[in-house]
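Morning, everyone. Let me walk you through the packing in this one. Have the structure up, please.

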Amino acid sequence: MRDQRIRVTKSFTFDMAHALYGYDGLCKNIHGHTYKLHITLLGKVLNDYENPKDGMVMDFSDLKKLVQQQILSIYDHALVLNGDSPHAELKDLKENFEKIVFLENQPTCENLVLDIVYKLKKKLPENVILHAIKLKETPTSFAEWYTEDNL
């Protein structure tokens, strides 16, 4: 029974401001969101009674540390902008503010998901598959990424 694959999910919350350069709506202005991030992993339960991680796909505390290092430390309480836009003039603000992040693309919910996928996939243990990412920008708007959609 322990050779079956299981999905495990851990959720996170972070606050981030952004602006979409060239956008034709309100999001062209600097504004913020409280994001809800759900990370789902897929793997087999460890079957090793000698290992303290026995019975786990991945220790939730290890996943929490990974997400903190790779995602939250960058985006939480940051202003995120497209580095190729005129907003790049704000690079001077980095002298006064710690967390201004310039991406190579628009800081949309979709592009943030892709960045999270890229950062996490290269850091997960070999026995664990990144199955899904769900990033809620508002209570009614979110972007999702699934491994099976990207094979």
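**Inside the fold**

Start at L37. Beyond its neighbours within four places in sequence, L37 is in contact with K10, S11, F12, F14, V67, I71, I116, I133, K134 and L135. Keep in mind that this is a predicted model.

Now widen the view. The largest nonpolar core has 34 residues. Which residues have the most contacts inside it? They are L37, I39 and I133. At least two residues each come from strands β1, β2, β3 (78–82), β4 (100–103), β5 (128–138) and β6 (141–146), and from helices α1 (60–75) and α2 (109–121). There is also a second core, separate, with five residues. Among them are A17, A19, L81 and I100.

Next, the rings. The structure holds one aromatic pair. F14 sits in strand β1 (residues 5–18) and Y35 in strand β2 (residues 31–44), so the pair ties together parts 21 residues apart in sequence. Buried or exposed, these two? Both F14 and Y35 are buried.

Last, charges over rings. K10 lies over the face of F12, 5.8 Å from the ring centre. K134 puts its charged end over the ring of F142, at 4.3 Å from the centre.

Technical notes:
Residues numbered from 1 in each chain as written. Predicted model: local features only at pLDDT ≥ 70, side-chain atom pairs only at ≥ 80, totals over all residues. Heavy atoms only, no water. Phe/Tyr/Trp six-rings, centres within 6.5 Å; stacked < 30°, edge-to-face > 60°. Helix = DSSP H or I, 4+ residues; strand = E, 2+ residues; numbered from the N terminus. Buried < 20%, exposed > 50% of the residue type's maximum accessible area, 1.4 Å probe, protein only. Lys NZ or Arg CZ within 6 Å of the ring centre and 35° of its normal. Core = buried A, V, L, I, M, F, W, Y, C linked by side-chain atoms within 4.5 Å. Contact = heavy atoms within 4.5 Å.
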